[in-house]
Amino acid sequence: MTHFEIELEKLKTVIEKIGILAQNQVGESVKALLSETAVEGKEVKKTEHKIDKLDIKIDEICQSIFALQQPVASDLRFIMSAMQISNEIERIGDLAISIIKKAKNTKDKHELISRFQVAELAKEVEKITIKTNECFLTRDESTIGEIFVLSKSIKNKTDDAIHNIVGEMKTNSKAVVSGTNLVIVLKHLERISEHCTNIAENVFFMINAKIIKHEKL
């Protein structure tokens, strides 16, 4: 392998690592949201630092390749996409941390969660992060399509759940604090889904040299 090929392979490996770490963060955030007991989050903090370090490493590898090599079109697409994907993954990790913090401070959340199908929504967000890592690894366009479908489902379920929770808060003052925190968590889950679709769009660009927006499909 040439030095250039080694650097590209290294870049791919680091993105795989950071993607799995973010996927685990989302899994922990869903666990914290649905758990009856508070989740400590010490391991989550350690993982956050690992994600930050890998994000910096990705930038360094990309800068090194640009400075020392002359990548052809397909490699250039991969490098450009890698930088975008890294940013999206870092945001997913940050949102997962925010969900864990909110979940710890949301009392009496389980009645609202069970009444408004929040668990089903959270599991779909967990699923879309797994699918997103899969689509980067396999470059499978059918998986990209599945991500877009899941994203639409998550958007619809988020809108419905927030509408119902706000309605509950209007008639039940005791639900206001928990309901407000839960609405914020739901918006965070929706944003994780949006970052996943952004990654899928970048993978599509990497494969086909075409920019797409999932809303138009």
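In this predicted model, helix 3 (residues 73-104) and helix 7 have axes that come within 9 Å of each other and cross at roughly 165 degrees. An angle over 145 degrees counts as roughly antiparallel, and helix 3 is therefore roughly antiparallel to helix 7. The contact of helix 3 with helix 7 comprises 17 nonpolar, 8 polar and 5 charged residues.

**Packing of helix 3 and helix 7**

- The crossing in which helix 3 passes helix 7 is left-handed.
- H188 is located in helix 7, which covers residues 176-208.
- With a relative accessible area of 14%, H188 is classed as buried, because the class takes in values under 20%.
- Once residues up to four places away in sequence are set aside, H188 touches L95, S98 and I99.

**Positive phi at non-glycine residues**

- R139 is not a glycine, yet its phi is positive, at about 55 degrees.
- The position of R139 is in the loop that links helix 5 (118-138) with helix 6 (141-171).
- The relative accessibility of R139 is 26%, and the residue is accordingly classed as partly exposed.
- A209 also has a positive phi, of about 60 degrees, although A209 is not a glycine.
- A209 belongs to the segment that follows helix 7.
- A relative accessibility of 43% places A209 in the partly exposed class, which spans the range between the 20% limit for buried and the 50% limit for exposed.

**Cysteines and disulfides**

- A disulfide is a covalent bond between the sulfur atoms of two cysteines.
- Under a cut-off of 2.5 Å between cysteine sulfur atoms, the count of disulfides is 0.
- For C62, the closest cysteine sulfur is that of C135, at 17 Å, which is too far for a bond.
- C62 is buried, with a relative accessibility of 0%.
- C196 likewise takes part in no disulfide, and its nearest cysteine sulfur, that of C135, lies 8.9 Å away.
- C196 is buried at a relative accessibility of 0%.

Note on methods: Residues are numbered from 1 along each chain as its sequence is written. This is a predicted model: local features need pLDDT of at least 70, side-chain atom pairs count only at pLDDT 80 or more; totals for chains, interfaces and linings use all residues. Side-chain values use heavy atoms; hydrogens and water are left out. Helices (H or I, at least four residues) and strands (E, at least two) are DSSP runs, numbered from the N terminus. Buried means under 20% relative accessible area, exposed over 50%, partly exposed in between (1.4 Å probe, protein chains only). Contact means heavy atoms within 4.5 Å. Axes are lines fitted to C-alpha atoms, for helices over the stretch in contact, and angles run from 0 to 180 degrees between N-to-C directions. Angles under 35 degrees count as roughly parallel, over 145 as roughly antiparallel, 65 to 115 as roughly perpendicular and the rest as oblique. A crossing is left-handed if the near helix is turned anticlockwise from the far one by less than a right angle, and right-handed if clockwise. Ala, Val, Leu, Ile, Met, Phe, Trp, Tyr, Cys and Pro count as nonpolar, Asp, Glu, Lys and Arg as charged, and the others, Gly among them, as polar.
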